[in-house]
Amino acid sequence: MHDAHASRPGETAVPLTASAVLVNKVGLHARPSVKLTQCAKGFTAKIELALAADGPWTDAKSPVKVMRVKAPQGAMLHFRVTGSDGKAALAAVLALVHDGFGEA
Amino acid sequence: MNSSNSGNVGIVIVSHSPKIAEGAADMVRQMVGSAVPLAWTGGDIDGGLGTNVAGILEAIQAAWSPAGVAVLVDLGGAETNSEMAVELLPEDRRARVVVCNAPVVEGAVIAATESSGGSPLAAVKRSAEELYA
């Protein structure tokens, strides 16, 4: 459920993308949104998420915007990451989603 | 009232109801964690519904951080009393306290989330105020 495909290593301006299914029961509600934005803020890369591969894209560092996505359980979350630590950022946010934000 | 030492922006919750203020603080602690200095105050000096300047001043000092303090308020008097409390602070601290135009519960959680990532005071305020945008 995750197809990280990077044509180049993280240092370029080419965005890295990947997707993962939202497994936790209530979807991307308040608590997971907070965890996701806290995680995203730990990186300098620009991190965006969307419910479709072609957007619209939402800033993953904004808790208000992330909550407004209202992603339900089972939704495919797409991530788009740009920046020098983009690869690590993408791995970190995907790990959170796979882990059900620790609440499953 | 509780706080936690860190360089992150402090959050103060001011409600007419001490139960709302305390409950909102509980939500912040559970959802965001303890990386953010946090204090709450509510009720008038007789313990009824209302707010009081001394209580707000005390909360601001309890949640003090060199990065500043963002204050979340509910209705009218909470805001004016918070502004009065800010005026009673030592002069060098006044400019580092902002009262956010945001809903008290959601604003507190969002402001604390922003603060927990190490964001400066202006970004914390902006993020909380996005809720009304």
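The paragraphs below lead through the sheet, the cores, the chain contact and the salt bridges of this structure.

The model is predicted, so local features need pLDDT of at least 70 and side-chain atom pairs count only at pLDDT 80 or more, while totals for chains, interfaces and linings use all residues. Residues are numbered from 1 along each chain as its sequence is written, chains are lettered from A in the order in which they are written, and side-chain values use heavy atoms, with hydrogens and water left out.

In chain A, four strands form an open antiparallel sheet in the order E1-E4-E2-E3, where strands are DSSP runs of E with at least two residues and helices are runs of H or I with at least four, numbered from the N terminus, and two strands pair if DSSP finds at least two bridges between them. E1 and strand E3 (58-59) of chain A are at the edges with a single partner strand each, so one side of each has no neighbour in the sheet. E2(A) and E4(A) pair over five bridges, and A:Ile47 stands opposite A:Val81 in E4(A).

The largest nonpolar core has 27 residues, and A:Leu36, A:Ile47 and A:Phe79 are among those with the most contacts inside it; such a core is a set of buried Ala, Val, Leu, Ile, Met, Phe, Trp, Tyr and Cys residues joined through side-chain atoms within 4.5 Å, and buried means under 20% relative accessible area, exposed over 50% and partly exposed in between (1.4 Å probe, protein chains only). H3(A) gives the largest share of this core, six residues. Apart from it lies another core, of 26 residues, which includes B:Ile11 and B:Trp40.

Where the chains meet, 14 residues from chain B and 13 residues from chain A take part in the contact (heavy atoms within 4.5 Å). The rule finds two salt bridges across this interface, a salt bridge being a side-chain nitrogen of Lys or Arg within 4 Å of a carboxyl oxygen of Asp or Glu. A:Lys41 bridges to B:Glu114, with the closest N and O atoms 2.4 Å apart, and B:Glu130 meets A:Lys65 at 3.9 Å, N to O. B:Glu130 counts as buried at 19% relative accessibility, whereas A:Lys65 is partly exposed at 38%.

Within chain A, the side chains of A:Arg80 and A:Glu48 form a salt bridge at 2.9 Å, N to O. Because A:Arg80 lies in strand E4 and A:Glu48 in strand E2 of chain A, the pair ties together parts that are 32 residues apart in sequence.
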